[in-house]
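Below are some notes to read alongside the sequence and the model. They are set out as numbered points.

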Amino acid sequence: MDKQTMISNINKMKKEQNAVIVAHSYQVDDVQEIADIVGDSFALSQYCASSTADTIVFCGVHFMAESAKILSPRKTVLLPEINAGCPMADMVTAESLREAKKKYPEAAVVCYINSSAEVKAECDICCTSSNALSVIRSIDKKDILFVPDKNLGSYVAKMCPEKNIIFWEGYCITHHKIKSHEVLASKELHPDALLLVHPECQPEIQELADFVGSTKQIIDYAKNSDHDKFIIGTEMGVLYQLKKDSPHKTFYMMSTGLICPNMKKTSLQSVHDALAFKKYEINLEKDIIERASHSLTRMLEVAK
Ligand code: 13P
Ligand code: SF4
């Protein structure tokens, strides 16, 4: 099937099924192009919570589709590529978290949205990279067990020195692997460009940046800045929106390694098949949905 026929079929099935296609900014360009909304984890959670569609086709990774299901349990949530997972989310399990909670019984427990539904069910509140600071500041306890991203945890600890953040040994395989020498080389090559990085990068990379922010915050920063050259320190999928917003600005990738292999699994064909064959439907136990929705809705209330 050629691309145009595929797109018209997708649009036809979408209408028939009252479905929406949501896509994370790290998806391939073709998928971002046909999506009803493209955004970061927070924007997509807000959108799914308020959508009136019957079906959500989630072009992202597994924990994102689970979050959509938790926020909209009566909707059909489809993840077009069932093996699109997030290695960082797998670095904390509900069982390991229950053990850690015994060790720090006084601490509040905050989970990054990049975690499974079972982990969210064990937490007091959830956060994304765009609202982590307001979530942390909303907590009255000093001790906070923060799972699973140690790099986002370091960023939060630096920005909220009044809190005692207890870190977890988790990280994003894509952002964490970037080394200082690569970044310094890129800065040397483009001395008049501003460096914008995601807080999933290691602290020493964050130190080199002109701006640290979530996917959407990076996109907005570049769009609204008077500057016209940027080194981008997050997954390369954001280039689609950056170039669309500012066709006359120049964007350099901080490293050629900034590609999330799981985010790249979804194609137009997989979106087509998701709608055609209702695959892959995300289902969660009622008890998990109830407990995990507490963490997510509390986050949405704090960071409106
Ligand atoms: P944000 O969408 O919050 O920027 O997070 C990035 C990410 O790695 C998602 O998996
Ligand atoms: Fe997970 Fe990193 Fe990929 Fe996001 S970019 S899905 S955190 S591996």
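**Notes on the predicted model**

1. Ala 108 has Ile 144 of β7 as its bridge partner. The model is a predicted one. The pairing between β5 and β7 is parallel and runs over 4 bridges. Of the 5 residues in β7, 4 are buried, so the strand is mostly covered; the cut-off for buried is 20 or more other C-beta atoms within 10 Å.

2. β7 also pairs with β8, again in the parallel sense, here over 3 bridges. In this pairing Ile 144 stands opposite Ile 165 of β8.

3. Which residues of α8 are buried? In this helix, which spans residues 150-159, they are Lys 150, Asn 151, Leu 152, Gly 153, Tyr 155 and Val 156.

4. The buried residues of α8 pack against several elements. Among them are the strands β5 (108-112), β7 (143-147) and β8 (164-166). The others are α7 (132-137), α10 (203-208) and β10 (211-212).

5. The largest nonpolar core holds 92 residues. Those touching the most other members are Val 22, Val 57, Phe 58, Val 110, Cys 127, Val 147 and Val 271. Helix α4, residues 62-71, gives the most to this core, with 6 residues. In soluble globular proteins, nonpolar side chains tend to be buried together.

6. Val 22 deserves a separate entry. Apart from neighbours within four places in sequence, Val 22 is in contact with Ala 35, Asp 36, Ile 37, Leu 44, Tyr 47, Cys 48, Ile 56, Phe 58 and Cys 59. Phe 58, one of these contacts, is also listed with Val 22 among the core residues that touch the most other members.

7. Arg 291 lies in helix α14, which covers residues 286-302. Why does Arg 291 count as partly exposed? Because Arg 291 has 17 C-beta neighbours inside 10 Å, and partly exposed is the class between 12 or fewer (exposed) and 20 or more (buried). Ile 218 is 73 residues from Arg 291 along the chain, and their C-alpha atoms are separated by 32 Å.

Note on methods
Residues are numbered from 1 along each chain as its sequence is written. Chains are lettered from A and ligands numbered from 1 in the order in which they are written. This is a predicted model: local features need pLDDT of at least 70, side-chain atom pairs count only at pLDDT 80 or more; totals for chains, interfaces and linings use all residues. Helices (H or I, at least four residues) and strands (E, at least two) are DSSP runs, numbered from the N terminus. Two residues are in contact if their C-beta atoms, placed from the backbone, lie within 7 Å. A nonpolar core is a set of buried Ala, Val, Leu, Ile, Met, Phe, Trp, Tyr and Cys residues joined through C-beta atoms within 7 Å. Two strands pair if DSSP finds at least two bridges between them.
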